[in-house]
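Reader: I have some questions about how the terms are applied here. Please set each value against its definition.

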Amino acid sequence: MLRIAVPNKGSLSETAAQMLHEAGYTGRRDSRELVVADPRNDVEFFYLRPRDIATYVGSGALDVGITGRDLLLDSGSDATEIAELGFGGSTFRFAGTPGAFSELADLDGVRVATSYPGLVGAFLERHGVSSDLVRLDGAVESAVRLGVADAVADVVSTGGTLRKAGLEIFGPVILDSTAVLIGSGTEAPGTKTLVRRLNGVIVAREYVMLDYDVPMSLLDQATAVAPGFESPTVSPLHDREWAAVRVMIKRTETNHVMDALYELGARAILVSAIHAARL
């Protein structure tokens, strides 16, 4: 039975649970449940603190898990990344009092507050910078104002939270993180199926199915607009001068492709969602 670690709370929890559901697995119905068996799929879910998942997987206590790349790198665990999961994106940057710092070397010998000392410490060491890391579990942006640190290293979205705290972003990006599937280094039975199913969910979220009718004389031009993965499916209509075409396209390109096909002469252009896929 494949043992899977899943975040029990936090920003990754809900999306991870939904992704597993879309992949055909049966998770917990009660948020208080810590272990849930899914005998039909021969898996068992363990709901853990996101920060602890890499440790459990890296030790071999669990086979695979879903966590953030940032948490994996911060943990120092022996767990390895298997696949990106397409959600939970975040960026880590340095910030300090405006004008006080301009480049990474300015952090040498100063106090840097962070919730990710392993990740930030390794980054600074790779760049030959020696800082005094101050570990905080939250509200890192307040550390400079309260005199606990001289600079901070934290997750940045728009930078608004840091600016409100009177801080300015500087230096290189520490890490672009995302949710990842991690493994213990030994592939357990069922892992390939899990990866294939999760990839199917990612494809279903990123692509849509496009159907349209087009004159045979314009078929080559139309299929050049949307060539699909391998080749579009083309079927003859009752009117032999027309063909029906089916193809997968990127969800973000839907309206541009529809506009181009309509201007070319295609008609009856329909778009439908994909609920699951295997490519």
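Reader: Which element gives the most to the lining of the second largest pocket?

Author: α1, with 6 residues. Helices are DSSP runs of H or I with at least four residues, strands are E runs of at least two, and both are numbered from the N terminus. The model is predicted: local features need pLDDT of at least 70, side-chain atom pairs pLDDT 80 or more, while totals for chains, interfaces and linings use all residues. Numbering starts from 1 along each chain, and side-chain values use heavy atoms, without hydrogens and water.

Reader: How do the residues of that lining divide by class?

Author: Into 6 nonpolar, 5 polar and 3 charged. Asp, Glu, Lys and Arg count as charged; Ala, Val, Leu, Ile, Met, Phe, Trp, Tyr, Cys and Pro as nonpolar; the others, Gly among them, as polar.

Reader: Where does Ser 77 lie?

Author: In the loop between α3 and β5 (80–84).

Reader: Why is Ser 77 called buried?

Author: Its relative accessibility is 18%. Buried means under 20%, exposed over 50%, partly exposed in between (1.4 Å probe, protein chains only). So Ser 77 counts as buried.

Reader: What is Ser 77 in contact with, leaving aside neighbours within four places in sequence?

Author: Ala 54, Thr 55, Gly 58 and Leu 72. Contact means heavy atoms within 4.5 Å.

Reader: How far is the backbone oxygen of Ala 54 from a polar atom of the side chain of Ser 77?

Author: 2.7 Å.

Reader: What separates the C-alpha atoms of Ser 77 and Ser 59?

Author: 7.7 Å, with the two residues 18 apart along the chain.

Methods:
A polar contact is a pair of N or O atoms within 3.5 Å; within protein, one must be able to donate a hydrogen and the other to accept it, and residues adjacent in sequence count only if both atoms are side-chain atoms.
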